[in-house]
Amino acid sequence: MDQFKKLAPLIVAFVMGVFFALQYYIPHPFTDDMLTGMSKWFIVIGGIAMGLGIVSLFYSHYYKIKRRTPAWGFSFVMFIALFTMLGVGIYCANAEVITETGKQTIYGWLYQSFMVPLQSTMFSILAFYVASAAFRAFRAKTKEATLLLIAAIIVMFARVPMGEFVYAQIPTFQVGGVTMPPSIGDITGWIMKTINMAAQGGIALGIYLGIIAMSLKIIFGIEKSYMGSTK
Amino acid sequence: MHKARTLIILLSALLLVAIPVVAQDKAQLTPPEGFTAFDTPNDIGNSISLVWRASASNQEGVNYIVYAAPSETGPWIEQTRVLSTLGYKSDAPQYFGLAKENESWHFCEITGIKKDINDENPLPVTATTYFKLSVSNGIDIIEFPGIVSAAPAGNWFDTSKLNVLIFVSIFSILILYFISLARKNPNLFIRHIPGLDAIEETIGRATEMGRPILYLNGLLDMSSLSTIASTSILGKVARKVANYDSQIMVPCYDPIVMSVCQEVVKESYAEAGRPDAFKEDNIFFITNDQFAYAAAVDGIIMRHKPAANLFMGYYYAESLLIAETGVATGAMQIAGTDAITQLPFFITTCDYTLMGEELYAASAYLSREPLQLGSLKGQDYSKGFIILVLIIGTIASTAGSAFFINLFRTF
Amino acid sequence: MDSTIIGGWIAAGLTLFMFSSLYKDNPFYRFGEHLYLGLSVGYVILKVIYANIIGGLYKPLFEDHQYLLIIPTILGLSLYTRFFPKIAWISRITFAFIVGYGSGLTIPRIIAGGIFQQIEKVITPLGKNGAAWWDIFSGIIIVIGVASVLIYFFFSVEHKGIINKISRVGIYFVMIAFGASFGYTVMARMSLLIGRSYDLIEFATPKYYYASIVLLVLIVLILILYETMRKKEEGSENNA
Amino acid sequence: MNGFLKKMANLDKRVIFVLISLAVIIPLLYPLFIEINVNPEVKAVYDTIENLPNGSTVFLAMDFDPSSKPELYPMAEAVLRHCFRKDHKVIGMTFWVTGVGLGEKALTDIAKEYNKEYGKDYLYLGWKAGGYALVIQMGEEGFSATFPVDHYGRETATMPILQKISHLKHIDYLVELAAGASIGTWYYYGKMKYKFKMGGGCTGVMAASWYNLLKIDWINGFMGGLRGAAEYEKLINKKSKATRGMDAQSVSHMLIIAMIIFGNIAYFANRAKNTN
C-alpha cells in the first residue's frame with residue numbers, strides 16, 4: 001500500500017504529461033475534445049479548491065478575533081466587507097447590471113465605488129515606488145549598474161515632450177548625408193528593438209529550456225517535490 | 001436626325017457582335033485538369049479539400065465554380081467560386097508543405113455544405129460528399145468531366161508539426177541523456193549562483209534576529225511550471241529553516257498552491273527531524289485578487305518585518321509594490337522569476353535576483369541531487385545547440401536560403 | 001446627496017487611506033487593506049459560486065448530464081483529505097494530475113510558440129532593407145546579444161576565460177535592456193497616478209462638497225493625534 | 001556640507017514621495033503647456049473631422065471603463081470639442097457597461113460648453129447587451145430600431161437627429177476609443193459592410209498594435225495613449241486634461257532623472273570624502 005501511495009501520483013503525472021504532450025500533434029477530434037474537456041474540468045477543480053482557501057482565511061481571521069491579537073478589530077472589518085459583498089452579490093444574482101436596461105445594480109455600485117478606487121489606488125502607488133527604487137538603485141557603483149542607469153535615463157528623457165523639446169535644441173549637422181545626432185526617438189527605438197530584444201530573447205530562450213527540463217523531470221518522476229517529497 | 005438614328009443602330013449592332021468577340025478573346029477556356037477531392041490532412045476532421053491543376057485560361061475574370069451533392073446523382077448546388085488568380089495550394093502550407101509545385105495547383109477547402117448559394121449557415125460536412133467543378137469567364141461555363149468524392153476524417157498526426165516534434169526530441173534526448181549520465185557519474189560541476197548561496201546566510205540571520213522569513217510563490221496556479229519550480233525551492237528553503245529553528249510564512253494567492261506548499265513544508269520539517277516545529281497556519285491563503293493580495297502582503301511585511309523576503313515564481317505589476325515595501329523594512333530580499341517584464345524591478349529592489357532560467361535551476365542547485373544537476377548540463381548543451389542554430393541560420397538566410405526560416409515556421 | 005456624491009466621498013476616502021501607507025503603516029491603511037481584502041474575497045467567492053460551481057458543475061452535470069464531470073469533482077474534493085492525516089496522500093493524486101497536465105501541455109507548445117518564435121525573430125537576413133550598413137550592424141548585435149545572454153546562463157561551465165568575457169557581454173546587454181524597460185514603464189505608472197490625481201482634484205470641487213480636501217485634513221489630523229498618543233504611551237511605558 | 005551630502009545620498013523615501021506628488025499635481029493644476037510634436041496618425045483623425053462639411057455626422061464609440069479613463073477620456077473630450085465646434089452631429093454609445101457613465105459625462109459636459117441641444121445636435125444611446133449584434137442591427141434596421149430608447153429612457157424614433165441619419169451607413173466618420181478589442185467588432189460588422197470612415201484612439205499599451213491596423217486600413221488615423229490625446233488637444237487649440245497630464249509626465253520624468261543624478265553626485269562625493 002505504501003508503495004501504491006508513492007507510485008499512484010507518479011503514474012498520474014506521467015500519463016497526463018505524455019498524453020497532453022502528444023495531444024499537440026494529434027488533430028483528431030478525440031484529443032481535441034479532451035483538451036477542451038480538461039479546461040472545463042479545471043474550472044470545477046479550481047472552484048471546489050477555493051473552499052480550502054476560504055477555510056484558511058476564515059480560520060486565520062477568526063483566530064485573531066478569538067485570541068484578541070493586536071488590532072483584531074480589522075479582522076472584523078474584513079468579515080463585514082466579505083459578507084456584505086457576498087450577500088449583496090447573491091441578492092443581485094451576481095449581476096452588476098440589469099441586462100435589459102443596463103442599469104447598475106447595488107452590487108455593481110458596490111464594486112464600482114469600493115473595489116475600483118481601491119484597486120486603482122494600489123496600482124498607482126507604483127508611481128511612487130518606481131521613483132524611490134530608481135533613486136536608490138541607480139547608482140553608478142559598478143559597470144553594470146552604470147549601464148542600467150544610463151539606459152533608464154535616456155529612455156525616460158526621450159519619452160516625454162520636455163525631453164524631446166530640450167533635445168531638439170541641440171544643433172544638427174550632416175555626415176555623409178545622415179543627420180547627426182540621430183533623433184532621440186530613433187536612439188530609444190534602437191535600444192528597445194535591438195539591445196532590449198536581444199537580451200529578452202536570450203533570457204526567454206533560457207526560460208523555455210528551463211521549463212522543458214522541469215516538465216520532463218516531472219513527467220519522468222525525477223522532480224516530485226510538489227508532492228512534498230524531496231527524496 | 002435620320003443619320004443619327006442609323007448611326008445608333010449601326011453602333012448597337014456592332015456592339016452586339018463585338019461583345020461575344022471580345023469575350024471569346026478573353027476566355028479561351030480550357031477545362032480544369034486533375035480535379036480530386038480528399039479528406040483535408042492535419043485537421044480535426046471537419047473539412048474536405050479539393051485540388052485541381054491551374055488551368056491555362058487563368059486570368060482576371062475567370063472563376064472556378066464548385067458544386068456539391070450528397071450523392072452522385074445530385075442535386076448539385078453551387079458552393080463557392082474560386083478566383084482563378086487566387087486560392088492555391090501554396091496558400092495552405094499547413095496542409096501541403098512548402099513544395100514549389102503547390103503554386104500551380106488550386107485548392108479549395110469545404111467545411112460546410114450550403115443548401116443554396118446564399119445559405120449563410122451551411123451544414124458541417126460529416127459524410128461522403130460528391131463534387132463537380134466548372135470554369136467560367138462570366139459568359140461561358142465549361143464543366144470538368146467527372147465527379148469526385150471524399151469523406152472528412154479526423155487525422156492522427158499533424159505533419160505540419162513535424163518540425164516541433166523533431167526539436168522536442170532533440171531537447172528531450174539531450175536533457176534525459178545527461179540525467180542518465182549523472183546517475184553513473186554524480187560529480188558534476190555547477191557554477192556559483194550568488195542568490196542561492198545567500199539563502200543559507202539569510203536564514204541564519206533571520207534566526208539571530210528572531211524574525212520570520214516570508215516566501216511568495218507568485219501569482220500563477222499549480223499547472224504553471226514557474227509555480228512548480230517555486231514550490232520545489234520552498235521545500236529546500238523550508239528544510240534549512242527547520243534546521244535553523246526559524247519561522248517561514250507563506251501567504252498564498254491560490255488555494256491549490258497553498259495546499260501543495262503546506263505539504264511541501266510539512267515534509268521538509270519532517271525530513272529535518274523537526275515535525276513538531278511545523279505550523280500549518282503559517283502557510284495561508286489571502287485572496288485571488290492581484291492588488292488586494294499585494295495590499296495584504298505589504299501589510300504583513302510592514303507589521304511582521306520579516307528578516308528575509310523570498311519572491312519566487314511569476315509576478316505581474318505587484319512585484320514592485322511588494323519588493324519596494326520590503327526594502328523599507330530592511331529585509332534581505334531574494335527574488336527569482338521568469339516574468340521578464342518584472343525583472344528590472346526586482347533587480348532594483350532585491351539584494352539578489354535569479355533571472356529566468358536560474359529560477360528553474362535553483363532547486364537542482366540547492367538539492368545537489370545528481371539527477372537534477374544532470375538536467376542542467378543537458379540544458380547547457382541545448383543552449384549551445386540553439387546558439388549554433390542562430391549563427392548558422394543567420395548566415396544561411398543572409399545568403400538567401402530560406403531553409404532555416406521555413407524550419408522554424410509553425411502553423 | 002445622490003449616489004454619485006456618496007460614491008465620490010467613498011472613492012476619495014479610500015484613495016487617501018491607501019496612499020497613507022506611503023507615510024507608514026497606520027490604522028487608515030489597515031482599514032483600507034482589510035476592507036479591500038474582504039470585498040475581494042467576497043467577489044471571488046461569488047465568481048466561484050456562479051461561474052465554477054453553478055455554471056461549470058451543477059448545470060452541465062444535472063441539466064446536460066455530462067457525467068464525466070464527476071471525475072474533477074472527486075479530484076477537487078480529494079484535496080480536502082488533507083484534513084484527515086490517514087488519507088491525506090489522496091490529495092497528492094490531484095496535485096499530480098494538475099502538475100502532469102501542465103508539464104505535458106507545455107513542452108511542445110513552448111517549443112513552437114516560444115523557442116521557434118524567438119529563433120525566427122533572430123535569423124532574419126541581415127540588411128534586408130536595402131542592405132544599409134546600420135541594419136546589418138543591428139542584426140549582428142542581436143545575434144551577439146542573444147548568444148552572449150545564453151552563454152551567461154551556462155551552469156555546468158566555470159565562468160572564467162573566454163566564457164567569462166562573453167557572459168559579461170551578456171550581462172551588459174541585460175542591464176541596458178532592464179534600464180530601458182524600467183525607463184519605458186515609468187510613463188505607464190505615472191499615468192495611473194495622474195488618473196488618481198484627476199479624480200482627487202475632481203472630488204475637491206464644490207460639487208462634491210470638497211470631499212478630498214476635507215478628508216485629507218481629517219486624516220492628517222487624526223494621524224498626528226494618533227502618533228503623539230502612541231509616543232506618549234511608549235514614553236510612559238519606558239518610564240515605567 | 002558633509003551632512004547634506006549624506007542626507008542627499010540616503011534621502012528619506014517620504015521626501016521622494018512628496019516630490020513626486022507635487023511633480024504630478026502642480027502641473028495638473030497649473031499647466032506649463034510644453035510643446036508637443038504632432039504625429040501624422042493623430043493629424044489624420046483631426047483632418048478627417050476638420051474636412052467634413054459642417055453638419056456632418058460623427059459616431060463616437062466610447063468603449064472603455066474607469067480603469068483607462070486617464071488616457072481615453074481626454075480623447076473623448078477633445079474629439080467632441082472638435083465636432084461641436086464644426087457643428088457636426090454626434091451619436092455616442094459604448095460597449096462597456098462599466099463605462100456608460102463616462103460617455104454620458106463627456107457628452108453632456110462638452111455639449112454644454114457649445115450650447116448644443118440634446119436630440120437635435122447630439123444623442124447618447126448608452127449601453128445595451130448584444131455586442132456585435134447591435135452593430136449589425138444598427139446597420140440593417142437602424143438606430144431607433146436597435147435602441148428604441150436612449151440612455152435616459154427617452155424614445156429615439158422621434159428625435160430630430162435620427163430623421164436623416166437613421167442607419168449606420170449614413171454616418172460620415174466613426175471614432176472608436178478603445179481600451180479593449182472592440183475595434184474588431186466595428187470593423188467586421190460595421191465598416192466592412194457600410195464603408196464609413198473609421199478612426200480612433202487607444203491606450204498607450206495598445207498603440208503598437210494599432211499601427212498595424214493603420215497599415216491594413218482598418219482606420220485612417222488614431223491617438224495612442226495620453227500623448228495622442230495631448231496632440232489632439234494641440235490640434236484643436238484647446239489644451240486640457242491630456243496636455244496637463246503630459247506636463248505632469250514631463251515634470252515627473254525629469255524629477256526622477258534629476259534625483260538619480262543628484263543621488264549619484266552625493267554618493268561619489270561621499271565616497272571621495274571617505275577614501276580621503
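Helices (H or I, at least four residues) and strands (E, at least two) are DSSP runs that are numbered from the N terminus. The structure shown is a predicted model, in which local features need pLDDT of at least 70 and side-chain atom pairs count only at pLDDT 80 or more, while totals for chains, interfaces and linings use all residues. Residues are numbered from 1 along each chain as its sequence is written, chains are lettered from A and ligands numbered from 1 in the order in which they are written, and side-chain values use heavy atoms, with hydrogens and water left out.

**View 1. Helix H8 of chain B and the glycine that follows.** Helix H8 of chain B spans residues 318-328 and is mostly covered, nine of its eleven residues being buried (buried means under 20% relative accessible area, exposed over 50% and partly exposed in between, with a 1.4 Å probe and protein chains only). The buried residues of H8(B) are B:Glu318, B:Ser319, B:Leu320, B:Leu321, B:Ile322, B:Ala323, B:Glu324, B:Thr325 and B:Gly326. Just after H8(B), B:Gly330 takes a positive phi of about 75°.

**View 2. The interface of chain C and chain A.** Here 106 residues of chain C are in contact with 106 residues of chain A, contact meaning heavy atoms within 4.5 Å. The two chains bury about 10000 Å² between them, 82% of it on carbon and sulfur atoms, where buried area is the accessible area (1.4 Å probe) that two parts lose on being put together, summed over both. C:Leu39, C:Trp89 and C:Tyr101 supply 6% of the area that chain C buries against chain A, more than any other three residues. Between these chains the count is one salt bridge, a term for a side-chain nitrogen of Lys or Arg within 4 Å of a carboxyl oxygen of Asp or Glu, and the side chains of A:Glu144 and C:Arg168 meet in a salt bridge at 2.7 Å, N to O.

**View 3. The nonpolar cores.** A nonpolar core is a set of buried Ala, Val, Leu, Ile, Met, Phe, Trp, Tyr and Cys residues joined through side-chain atoms within 4.5 Å. The largest has 337 residues, and those with the most contacts inside it are A:Tyr226, C:Ile115 and D:Phe59. Not counting residues up to four places away in sequence, C:Ile115 touches A:Leu205, A:Tyr208, A:Leu209, A:Ile212, B:Phe171, B:Ile386 and C:Ile110.

**View 4. The surroundings of C:Ser181.** C:Ser181 lies in helix H6 of chain C and counts as buried because its relative accessibility is 13%. Leaving aside its neighbours within four places in sequence, C:Ser181 is in contact with A:Asn196, A:Gln200 and B:Pro344.

**View 5. The interface of chain D and chain A.** At this interface 34 residues of chain D are in contact with 27 residues of chain A, and the two chains bury about 2800 Å² between them, 76% of it on carbon and sulfur atoms. The rule finds one salt bridge across the interface, and the side chains of A:Glu164 and D:Arg227 meet in a salt bridge at 2.9 Å, N to O. Helix H1 (2-9), helix H2 (13-29) and helix H12 (241-275) of chain D are the elements that give two or more residues to the side of chain D that touches chain A, and the largest share of that side, 15 residues, comes from H12(D).
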